[in-house]
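Here is a short briefing to read alongside the structure, with a focus on how its parts meet. Have a look at the model first, and then we can go through the interfaces one by one.

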Amino acid sequence: MANPLYRKHIISIPDFSREELELVVETAGKLKRTPRNDLLQGKLVGSCFFEPSTRTRLSFETAVQRLGGDIIGFADGGNTSAKKGETLADSIKIISSYTDAVVMRHPKEGAARLASEFSSVPVINGGDGSNQHPTQTLLDLFTIRETQGTLENLTIAFVGDLKYGRTVHSLTQALSLFGARFYFVAPEQLAMPDYICEELDEKGIEYTIVDSLDDVIPLIDIMYMTRVQRERFDETEFKKIQGQFVLRADMLKTARTNLKVLHPLPRVDEITVDVDATPHAYYFEQAKNGVYARQALLSLVLNETV
Amino acid sequence: MQYTRTVEALKQGTVIDHIPAGQGVNILRLFKLAETGERITVGLNLSSRHMGAKDIIKVENVALTEEQANELALFAPKATVNVIDNFEVVKKHKLELPESIEGIFACPNSNCISHAEPVKSHFFVKAQAKDIKMKCKYCEKVFSKDIVAVVR
């Protein structure tokens, strides 16, 4: 029987069942332990980045090539016929007729869902505006499982910009399938959106809104840091907020030994460099895991069995 | 007692009655009823025993489908939609909130891909305690129905 993700579009985390998320995480683990160079042999993947990206694009390209596949595409929509006014629907119809799967990032929300309606091959969303970035969530889940040995009943604090951070929204949705407990630590202006809190209420998932990072450190298994963007505040306001949501190595003295600090990167100054040397820092390994999570996803989408 | 009709009886078509006063014009506009080219009679702020004031719309020669009638439920959940043939009511639609609604409203999110592409807008409808929420199929943003309704 084919795996449940075979020939499926990968658009949004709420489309996934718990079992499908577990399948990707398991497969990523297998590929990290035992690398394969044959799973995408003879497959051609279209990499369509209508908006620039560093880690996502390079890790997708690495994933395809390490698995023995080929990749074509573009890294900036400015050089494509989109610039001449071609609709995304038309572009995707054509690109999908050349390739076995399309990986895409686009500045508009809903672009990947729309592309999936016009594509003859699976579409994998590499980020659509401020909406979804499912492969980031898959690599986050893989990293959490790798560091904690389980996805069940963990306690996670999300810190920083919880309003605009799409990775935070999708990861909250995904972890709520595994009985997580959440702490939200954010300035009032960047609080978790109501719709996410309402979803958690509906599912009976416990969450607490707190304003001090120090208070939650002894209570959690995972600290998921995000960047508070300077441009969202005036200078005085930013200075006031900035100090409250910075993690320094000395703050981790009260942490559980299993606590890992994650960050979708790039970081600016919300995690001081001295944290890097603590056993809690895991964000660089997390970025590396992006390749394994994307390898797992591509393998499952393009092979009946892995 | 002498009875005078405020709106002329319809030979064939659809009567949408018991629309909350003020919503009649919205319904005409959103459902593009005027674009049918058929004769339409509209009554606004008519007196109603149950509602105090109501609006009514009669569209000649157009029989609203179940789906279209349900879309009306977003604005006028207690409206009655009767299909008329030869002055007789041949079908009474019982309005139910639709699961999804296509092509009626534009997405309020200006960065939603649906604005620039050859697709119909599409919202999933969900009733919540005191509000109706609409989630765009494309950008996945959730809006209160009142916000979606004013954008178009």
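In this predicted model, the centres of domain 1 and domain 2 of chain B, taken over C-alpha atoms, are separated by 23 Å. The domain assignment places domain 1 of chain B at residues 11-92 and domain 2 at 98-147.

**Between the domains of chain B**

- Six residues of domain 1 of chain B are in contact with nine residues of domain 2 of chain B.
- About 720 Å² is buried between these two domains, and carbon and sulfur atoms give 75% of that area.
- On the domain 1 side, Leu30(B), Glu71(B) and Leu74(B) lose the most area to domain 2 of chain B, and together they account for 71% of what that side buries.
- By class, the residues of domain 1 of chain B that touch domain 2 are four nonpolar, one polar and one charged.

**Between the domains of chain A**

- Chain A is divided into domain 1, which takes in residues 11-131 and 288-300, and domain 2, which covers 133-285.
- The centres of these two domains lie 26 Å apart, again taken over C-alpha atoms.
- Contacts link 34 residues of domain 1 of chain A with 25 residues of domain 2 of chain A.
- The two domains of chain A bury about 2,400 Å² between them, with 60% of it on carbon and sulfur atoms.
- Ile13(A), Arg18(A) and Val25(A) supply 25% of the area that domain 1 of chain A buries against domain 2, more than any other three residues.
- Five salt bridges are found across this interface, along with 15 residue pairs in polar contact.
- Helix 1 (18-33), helix 2 (55-66), strand 4 (123-128) and helix 10 (283-302) of chain A each give two or more residues to the side of domain 1 that touches domain 2.
- Helix 1 of chain A gives the most to that side, with nine residues.
- That side of domain 1 of chain A has 13 nonpolar, 12 polar and nine charged residues.

**Where chain A meets chain B**

- Here 19 residues of chain A are in contact with 17 residues of chain B.
- The two chains bury about 1,500 Å² between them, 45% of it on carbon and sulfur atoms.
- Lys108(A), Glu109(A) and Leu114(A) supply 34% of the area that chain A buries against chain B, more than any other three residues.
- Three salt bridges are counted between the chains, and the side chains of Glu202(A) and Lys126(B) meet in a salt bridge at 3.1 Å, N to O.
- Helix 3 (88-98), helix 4 (111-118) and helix 7 (194-203) of chain A each supply at least two residues of the side that touches chain B.
- Helix 4 of chain A gives the most to that side, with five residues.
- The residues of chain A that touch chain B divide into six nonpolar, seven polar and six charged.

**A covered helix in chain A**

- Helix 6 of chain A (residues 166-175) is mostly covered, with 10 of its 10 residues buried.
- Among these buried residues are Arg166(A), His169(A) and Gln173(A), as well as Val168(A) and Leu171(A).

Key:
Residues are numbered from 1 along each chain as its sequence is written. Chains are lettered from A and ligands numbered from 1 in the order in which they are written. This is a predicted model: local features need pLDDT of at least 70, side-chain atom pairs count only at pLDDT 80 or more; totals for chains, interfaces and linings use all residues. Side-chain values use heavy atoms; hydrogens and water are left out. Buried means under 20% relative accessible area, exposed over 50%, partly exposed in between (1.4 Å probe, protein chains only). Helices (H or I, at least four residues) and strands (E, at least two) are DSSP runs, numbered from the N terminus. Contact means heavy atoms within 4.5 Å. Buried area is the accessible area (1.4 Å probe) that two parts lose on being put together, summed over both. A salt bridge is a side-chain nitrogen of Lys or Arg within 4 Å of a carboxyl oxygen of Asp or Glu. Ala, Val, Leu, Ile, Met, Phe, Trp, Tyr, Cys and Pro count as nonpolar, Asp, Glu, Lys and Arg as charged, and the others, Gly among them, as polar. Domain bounds come from an automatic or database domain assignment. A polar contact is a pair of N or O atoms within 3.5 Å; within protein, one must be able to donate a hydrogen and the other to accept it, and residues adjacent in sequence count only if both atoms are side-chain atoms.
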